[in-house]
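Hi,

Here is the structure I promised to pass on. Have a look, and my notes on its pockets follow below.

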Amino acid sequence: MAAAKHITRQANNLIGGKWVRARTRHTFEDRNPANAGDLVGVFPASGAHDVADAVAAAKEAFQSWRLVPAPKRAEILFRAGELLTARKEQYARDMTREMGKVLIESRSDVQEAIDTAFYMAGEGRRLFGQTTPSELPNKFAMSVRAPVGVCGMITPWNFPMAIPSWKLFPALVCGNTCVIKPAEDTPLSALHLVETLIDAGLPKGVVNIVFGFGPEAGAPLVEHPDVTAISFTGSSEVGRWVGQTAAACMKPCSLEMGGKNAMIVMEDANLELAVEGALWGAFGTTGQRCTATSRILLHKKIARPFTQQLVERAGRLRVGDGLKKDVQMGPQVNEQQIETSRRYVEIALWEGATLLTGGKRLQGKAHAPGCFFAPTILSGVLPTMRIAQEEVFGPVVTLLQFDSLEQAIEIANSVSYGLSASIYTRDVNRGYQAMRDLETGIVYINAPTIGAEVHLPFGGVKQTGNGHREGGIGALDFYTTWKSVYVDYSDRLQRAQID
Ligand code: UN1
């Protein structure tokens with residue numbers, strides 16, 4: 001394994017079944033955030049012409065792919081799931097190397113793609129519509145799902161294989177063809193996913209991958225008139241532009257953006273369990289999950305012991321290269337993210353918060369070549385402070401206090417996001433009340449705000465998204481369009497609402 005570490009992958013775009021250089025002839029580097037000297041790969045920096053080629057290939061392939069029976073399309077996904085299982089360790093190691101998350105988490109990212117492959121492959125024999133009586137005699141009525149066409153996908157770096165799989169697999173089983181533009185920080189993991197699909201037998205042109213940056217390669221994908229639907233996961237700022245642009249073209253568009261997820265700890269909670277959950281929710285994936293626990297709301301009665309335990313445990317987290325055994329938290333993905341964390345700590349202190357631990361970049365001998373930020377806990381935070389309202393996307397968690405469940409829920413709901421929330425309590429009544437009243441798309445009872453499973457809807461309310469869901473059967477609703485079919489076998493004209 002050690003030798004494989006220094007291989008630099010030279011990659012091309014996949015367009016219409018051919019691996020081709022970008023027409024721009026430009027490239028960009030994929031570097032290891034734990035060690036800037038480690039060059040993981042060199043990828044094409046594509047432009048609008050490359051995107052247009054990919055869309056044309058996908059458009060052509062759609063004419064035959066849509067006619068392949070869905071159970072046959074699903075067989076390719078089953079095979080892809082099996083191949084991913086066989087390749088899991090290698091793909092996980094490469095993912096840690098390009099993105100930083102610790103190896104057990106990279107394995108779980110690949111596992112999430114495997115789960116999605118098998119779950120969506122099962123849909124090949126379902127894709128249910130409805131049959132229903134007609135109001136007229138000798139007439140049959142049903143609704144069927146039809147593919148939407150060429151789907152454009154723009155995916156983030158934090159779940160570099162899982163999130164592309166959430167988009168590609170349902171789209172494919174439904175009979176769509178795809179052009180994907182993965183994040184420039186994690187092109188290799190998306191490439192691995194696409195290579196797996198090709199090895200599993202996916203016909204030419206059904207999936208195309210175009211590497212590059214948002215303005216040059218992402219924007220032309222959103223704007224292309226032959227792209228019939230767009231799915232985007234990323235920042236709120238870019239998501240707003242994607243949504244507005246898609247709306248102007250009347251294009252269905254699925255947006256999944258930020259979160260400012262709250263964990264509520266009641267006075268009757270199992271404190272040890274809550275501390276354990278908080279550590280995982282706040283510092284898992286170095287806080288770089290949309291579902292990361294970024295606000296911990298503590299009942300005044302347990303605030304002190306909880307805080308003591310959390311600070312002590314956070315201070316002991318081993319931060320380092322995610323490929324090394326025993327490391328518990330990896331680097332942030334790049335310099336820009338480190339700068340965001342640093343700036344938010346500065347803002348929080350200026351707003352009057354207290355820094356309990358962390359708050360700075362780690363630059364000792366073991367950390368010098370990478371983007372390491374210490375696990376950071378801020379207390380004395382008020383719900384209206386920027387640090388309690390805005391997404392940081394780093395290992396920075398805030399502590400707030402409350403007196404009653406009602407107040408806790410009010411604070412939890414007082415942000416513009418609505419992705420995930422959690423409550424720790426042993427009181428079943430409070431658990432159910434929170435489940436009902438938390439304004440988020442995902443709610444956990446006695447678990448942190450992360451850990452969604454692929455067969456349930458994933459997404460949120462308010463500024464988190466625009467109402468669509470990934471995962472679960474909700475994904476099928478985005479990647480298909482309903483067709484209502486009436487079959488009249490009466491041999492006469494029957495007029496609905498008249499006869
Ligand atoms: C994300 O939060 O960015 O629910 C995706 C989870 C993972 C996916 C997270 N299964 O924690």
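The largest pocket has a volume of about 1200 Å³. A pocket here is an open set of points on a 1 Å grid over the protein atoms alone, where a 1.4 Å probe fits, with protein on both sides within 12 Å along at least five of seven lines; lining residues have an atom within 4 Å of a point. Points are joined across faces, edges and corners, and the volume is the space filled by probe spheres set on them. Of its 41 lining residues, Gly234, Ser235, Glu237, Val238 and Gln337 are the closest to the centre.

One caveat: this is a predicted model, with local features needing pLDDT of at least 70 and side-chain atom pairs pLDDT 80 or more, while totals for chains, interfaces and linings use all residues. Numbering runs from 1 along each chain as its sequence is written, and side-chain values use heavy atoms, without hydrogens or water.

Back to that pocket: α7 gives the most to the lining, with 6 residues (helices are DSSP runs of H or I, at least four residues, numbered from the N terminus). Domain 1 (9-257 + 465-484) and domain 2 (261-445) both contribute lining residues, so the largest pocket lies between them; the bounds come from an automatic or database domain assignment.

The second largest pocket holds about 440 Å³ of space. Its lining has 21 residues, with Val102, Ile104, Leu317, Val327 and Gln328 nearest the centre. Helices α3 (103-122) and α8 (271-283) each supply at least two of the lining residues, and each of the two domains gives at least three.

Cheers
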